[in-house]
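Subject: Structure for your review

Dear colleague,

Please find below the structure that I am handing over to you. I would be grateful if you would read the notes after it with the model open.

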Amino acid sequence: MFKQLATATLLTGAFFASTAQADKWHMPTPYGDANLPTKIAYEFAEEIKNETNGDIDITVHSGASLVKHPEIPRAVRTGQVQLGEIFIGIMGNTHPVFKHDNIPFLATTFEDAERLWEAAKPEIEKQLDKEGMTLLYAVPWPAQSLYTKAPVESMKDLEGLKMRAYSPSTSRLADLMNTTPTTVQVPEIPQAFSTGIIDAMITSPSTGANGQAWDYLSHYTDIKAWIPKNVVVANKRAFLRLSDEQQQVIRDAAAAAEARGWKGVRVTAAEDTATLAENGITVSEPSDELMSELQKIGDIMVKEWEEEAPEEVGAILSNYR
């Protein structure tokens with residue numbers, strides 16, 4: 001009996017030793033494998049596995065296959081998963097700082113978007129930390145532009161349409177454009193257009209190209225309204241349980257991922273816009289009238305945003321401007 005107990009104890013000890021040596025982490029992402037952020041997520045996971053000799057093995061679950069997009073922040077925060085990728089604007093109701101890259105015409109070039117990110121990052125990290133999450137890296141999308149079923153020369157052409165919304169800021173924008181905000185996640189876009197749930201959307205050329213937007217709409221007006229980002233966050237407790245060396249491996253891989261994102265998005269934006277045109281979508285520059293009307297809306301939203309959290313948002317704007 002004693003010998004059997006000793007053997008069982010040794011086997012149990014060996015089991016826990018092996019599990020302690022190899023951490024299996026799960027990373028849900030909201031977008032499909034064709035998207036730049038998802039491609040970078042796979043590279044990020046592979047680099048960590050290689051650099052830790054397999055001690056940290058991250059499984060990327062793309063396309064909201066493990067956790068639906070709106071639920072990813074909670075899943076990471078509560079430790080249901082160790083990592084997650086989030087379109088940062090969906091957390092806008094949690095705290096206004098998460099809206100910083102969803103404000104129209106605040107940053108419309110990649111250079112300005114990078115400056116805005118550096119200005120916002122301290123406040124973002126502070127808020128994520130309060131919620132039990134650690135910021136690892138961000139990947140930008142191309143600038144968001146207008147998709148419709150007909151040409152748009154002014155705001156009058158949009159009045160009464162059902163506009164896709166995917167964050168608190170895009171819902172507010174739809175209101176100010178005299179359209180009806182309708183929440184639709186990326187995988188649902190084709191069906192939503194085909195069934196009349198939405199008539200228009202503001203999103204990236206990548207989303208349109210990957211979703212074959214030419215099957216259900218005809219016009220793309222390149223308003224370049226804002227440049228949003230996905231962020232990858234870790235459960236704070238899970239991250240801090242790692243050794244200092246393992247934490248550094250993850251941070252190094254995160255820095256490399258973010259650098260690839262800012263470089264790659266410039267190429268992706270041009271390629272995906274060309275893809276839209278090649279498949280029959282009319283790609284056009286916005287009229288002066290439309291841009292003037294949209295800029296006024298942007299000014300309203302910047303002011304409203306600052307009023308939500310004068311201290312934190314004020315710090316972001318001060319550092320950015």
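The notes below cover salt bridges, aromatic pairs and a charged surface patch.

This is a predicted model, in which local features need pLDDT of at least 70 and side-chain atom pairs count only at pLDDT 80 or more, while totals for chains, interfaces and linings use all residues. Residues are numbered from 1 along each chain as its sequence is written, and side-chain values use heavy atoms, with hydrogens and water left out.

Salt bridges

Side chains of opposite charge can pair when their charged atoms come close. A salt bridge here is a side-chain nitrogen of Lys or Arg within 4 Å of a carboxyl oxygen of Asp or Glu. The whole structure contains 14 salt bridges.

One of them joins Glu-111 to Arg-266, with the closest N and O atoms 3.5 Å apart. Glu-111 belongs to helix H4 (residues 110–130) and Arg-266 to helix H9 (residues 244–278), 155 residues apart. Helices (H or I, at least four residues) and strands (E, at least two) are DSSP runs, numbered from the N terminus.

Lys-121 and Glu-258 also form a salt bridge, at 3.8 Å from N to O. This pair again links distant parts of the chain, with Lys-121 in helix H4 and Glu-258 in helix H9, 137 residues apart. Both Lys-121 and Glu-258 are buried (buried means under 20% relative accessible area, exposed over 50% and partly exposed in between, with a 1.4 Å probe and protein chains only).

In a further salt bridge, Arg-172 meets Glu-304, the closest N and O atoms being 2.6 Å apart. Arg-172 lies in helix H5 (residues 168–176) and Glu-304 in helix H10 (residues 288–308), so this contact ties together parts that are 132 residues apart in sequence. Arg-172 is partly exposed at 32% relative accessible area, and Glu-304 is partly exposed at 27%.

Aromatic pairs

There are five aromatic pairs in the structure (rings of Phe, Tyr and Trp, the last by its six-membered ring, pair if their centres lie within 6.5 Å; planes under 30 degrees apart count as stacked, over 60 as edge-to-face and the rest as tilted). Among them, Phe-87 and Tyr-166 are edge-to-face, 5.1 Å centre to centre with 85 degrees between the planes. Phe-87 is buried at 3% relative accessibility, and Tyr-166 is buried at 9%.

Surface patch

Glu-153, Asp-157, Glu-159 and Glu-289 form a negative surface patch (patch residues have over 30% relative accessible area and no salt bridge, and like charges are joined within 9 Å).

Yours sincerely

How values were computed:
Patches are made of residues with over 30% relative accessible area and no salt bridge: like charges are joined within 9 Å, nonpolar side chains (Val, Leu, Ile, Met, Phe, Trp, Tyr) within 5 Å. Accessible areas come from the Shrake-Rupley method with a 1.4 Å probe; for residues, only the protein chains shown count as cover. Lys and Arg count as positive and Asp and Glu as negative; His and the chain ends are not counted. The place of a charge is taken as NZ of Lys, CZ of Arg, CG of Asp or CD of Glu.
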